[in-house]
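Trainee: I would like to learn how to read a model like this one, feature by feature. Where do we begin?

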Amino acid sequence: MCGLVGIVSGTPSVLEGTLESALKSIQHRGPDDTGVWVNPDRTCGLGHARLSIIDLSGGHQPLSSPDGSIQAIVNGEFYDYEEIREEFVREGYQFRSSSDSEILIPLYLKYGERCVEHLRGEFGFVLWDSRSRELFMARDRFGIKPLFYSRYGDAFYVGSEIKALLGMGVPARWDAPVVRSDELGYRNSTDTLFRDIKNVPPGYSLTISNGRVRERRYWDFNYPERRNMERSRGKRAYIEEFLELLTGAVKTRMRADVPVGVYLSGGIDSSTVLSLMSQSAGSDLDAFTLSFETGHYDEGPIAREMAERLGVRHHIIDVEPEDLAPNFEETVWHNECTFGNSNTIAKYLLSRHVRDAGLKVVLTGEGADEILGGYEYFMTDMRVHNSRRLGPSIGRAIRLSKRLIGKTDPFTQAPPGLSAVKAKFGFIPAALLFTGTTESNYAGIRSPEFEQSTQTGELFEPLMAALDQEQLSGRDPLNQALYLASKSSLANSILTTLGDRVEMAHSIEARLPFLDHKVVEFLTRVPVDFKNRATFRGGVEKYLLKEAAR
């Protein structure tokens, strides 16, 4: 992974020094190499800070087309690039390196803005086309890698982190209502905490031309309507296909010119990833685990059992409460957003240990819960709203409970402003019912001025407005709840405060096989009762994964 910055201006004002200064603020993303390019009329400039993973000596950026008309910078990894590269070599394209990033330009020359549909991986990129004088950029399907932009004055600014935009002159100003949404964990995928600084949404490309921004969605989860859900296949067929796809996703993410390790929590997600990695690498792997003194939180013993079973090198990092506060401020600086608990600081310390151990790349189990329904609130949605699948007796009992809930309203921690959610979904996903606890916790530390500037009865309205109704109507309630998570907490929280920001703070590239789009596209078609097996008293979360792992 890397860091990138860019400027496109209506006047000849772009300076190399501005780009270099911005790159220094995100040098942690790419400590191995830097590169800057400015066009002759000084209306466009690109800068890149590189973390060398593929082609360690030859992957300098910015990249250039053979005739120099296209310049590009890439943050992330393109998988299956060897096959794409071979195809273009047969067509006569001349590559200058063996870097995976270099396939971007020939793909763009051949497919235009649809080039992004041919990419597999975690990425954010920016490309300047001098022929059309357009700046083209895109972000991966799930928002694993960040990409921000802002219009300020007569220029557009682009960067992998907000601090890079601030370093190029964009002012830092709170967007107070968005801060309030972020505190709840359900900010939409476009807004940031900073006024006039935006995310490129996951699964989108943007084109800046003649001072205007044109958005295009190139991918979405596309859950089938309930009436069209595939139901003809048996359990074994789903398990076998899922395991084959996940195995392929793990294997392709082990391609690197540096050693590859794994974050091992001891849970089913990361343990499955490690087990599949060991099929290719045997015991020649490094696994890293956080250990806490509180037994309820500590997964060290079960992670140790897994590591010993496979014979891999196991690194256990003990985190004590007194380790958290001294690292709080720096963790916030890297995240550029709020985070709800100390797990973010612990993950920041874990990534530091991986760097100190000499590794640059790790595989993780992140994303599995959001695509397979792995949280208790997803099980609640399954039990309450998909209850007709549970049989006549259980279904009647749950529907009776549901009516009683509506009368007694025991959800005293529900935040205000859920009417927009009910209007959008037809029900209120369980994850939102308890966010009032977070709301009340933050209320105690807000200044009166800030509190007044954010008063609104519809805290979730911006998020609801950003959701595509056509992707919700007629879908299973569980899939609707998963779609909500994918458009809010997944990109803004899980993949940020527990992902890219705390990993890249120490120049660590994380690869997420569960968020391979081929795996996810398969899972969108799987009937919901293969994701969660709900019963009146409980059930089995991530049923398909557990059966595949078994």
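Trainee: In which loop is Val14 found?

Mentor: First, keep in mind that this is a predicted model. Val14 lies in the loop between strand 1 (2-9) and helix 1 (16-25).

Trainee: Is Val14 buried or exposed?

Mentor: The cut-off for buried is under 20% relative accessible area. Val14 has 2%, so it counts as buried.

Trainee: Which residues is Val14 in contact with, leaving aside its neighbours within four places in sequence?

Mentor: The contacts of Val14 are Ile7, Ser9, Leu19, Val38, Arg42, Thr43, Cys44 and Gly45. As for Arg255, 241 residues apart from Val14 along the chain, the two C-alpha atoms are separated by 37 Å.

Trainee: Next, salt bridges. How many does the count come to?

Mentor: The general idea is that side chains of opposite charge can pair when their charged atoms come close. In this model the count comes to 45 salt bridges. One of them joins Glu91 and Lys110, with the closest N and O atoms 3.1 Å apart. This pair links distant parts of the chain, 19 residues apart: Glu91 sits in the loop between helix 2 (81-90) and helix 3 (104-111), and Lys110 in helix 3.

Trainee: What relative accessibility does Glu91 have?

Mentor: Glu91 has 49%, so it counts as partly exposed. Lys110, at 39%, is also partly exposed.

Trainee: How far apart are the closest N and O atoms of Arg233 and Glu241?

Mentor: In that salt bridge they are 2.7 Å apart. Arg233 is partly exposed, with a relative accessible area of 27%, and Glu241 is partly exposed at 24%.

Trainee: Which residue does the side chain of Lys542 meet in a salt bridge?

Mentor: Its partner is Asp269, at 2.9 Å from N to O. The two are 273 residues apart: Lys542 is in the loop between strand 19 (539-540) and helix 23 (543-549), while Asp269 is in helix 7 (residues 268-281). Both Lys542 and Asp269 are buried.

Trainee: Which residues are linked in a network of salt bridges?

Mentor: One such network links Arg29, Lys145, Glu161, Lys163, Glu336, Asp500 and Arg501.

Trainee: Now the packing of helices. At what angle do helix 10 and helix 21 pack?

Mentor: Two packed helices are described by the angle between their axes and the distance between the axes. For helix 10 (residues 328-335) and helix 21 (residues 489-504), the angle is about 95° and the axes are 9 Å apart. The two helices are therefore roughly perpendicular to each other. Helix 10 contributes Thr331, His334 and Asn335 to the contact, and helix 21 contributes Thr496, Thr497, Arg501 and Val502. By class, that contact has one nonpolar, five polar and one charged residues. Arg501 also belongs to the salt-bridge network.

Trainee: Last, the sheet. What is the order of the strands in the open sheet of five?

Mentor: Strands of a sheet pair through backbone hydrogen bonds, either parallel or antiparallel. Here the order is 15-14-13-16-17, with parallel pairing. Strand 15 (313-319) and strand 17 (509-511) are the edge strands, each pairing on one side only. The twist averages 30° from one strand to the next.

Trainee: How many bridges join strand 14 to strand 15?

Mentor: Seven bridges join strand 14 (residues 286-292) to strand 15. Among the paired residues, Thr289 has Ile316 of strand 15 as its bridge partner. Helix 11 (residues 343-356) packs on the sheet and touches strand 13 (260-263), strand 14, strand 15 and strand 16 (361-363). The direction of helix 11 makes about 145° with that of strand 14.

Methods. Residues are numbered from 1 along each chain as its sequence is written. This is a predicted model: local features need pLDDT of at least 70, side-chain atom pairs count only at pLDDT 80 or more; totals for chains, interfaces and linings use all residues. Side-chain values use heavy atoms; hydrogens and water are left out. Axes are lines fitted to C-alpha atoms, for helices over the stretch in contact, and angles run from 0 to 180 degrees between N-to-C directions. Helices (H or I, at least four residues) and strands (E, at least two) are DSSP runs, numbered from the N terminus. Angles under 35 degrees count as roughly parallel, over 145 as roughly antiparallel, 65 to 115 as roughly perpendicular and the rest as oblique. Contact means heavy atoms within 4.5 Å. Ala, Val, Leu, Ile, Met, Phe, Trp, Tyr, Cys and Pro count as nonpolar, Asp, Glu, Lys and Arg as charged, and the others, Gly among them, as polar. A salt bridge is a side-chain nitrogen of Lys or Arg within 4 Å of a carboxyl oxygen of Asp or Glu. Buried means under 20% relative accessible area, exposed over 50%, partly exposed in between (1.4 Å probe, protein chains only). Two strands pair if DSSP finds at least two bridges between them.
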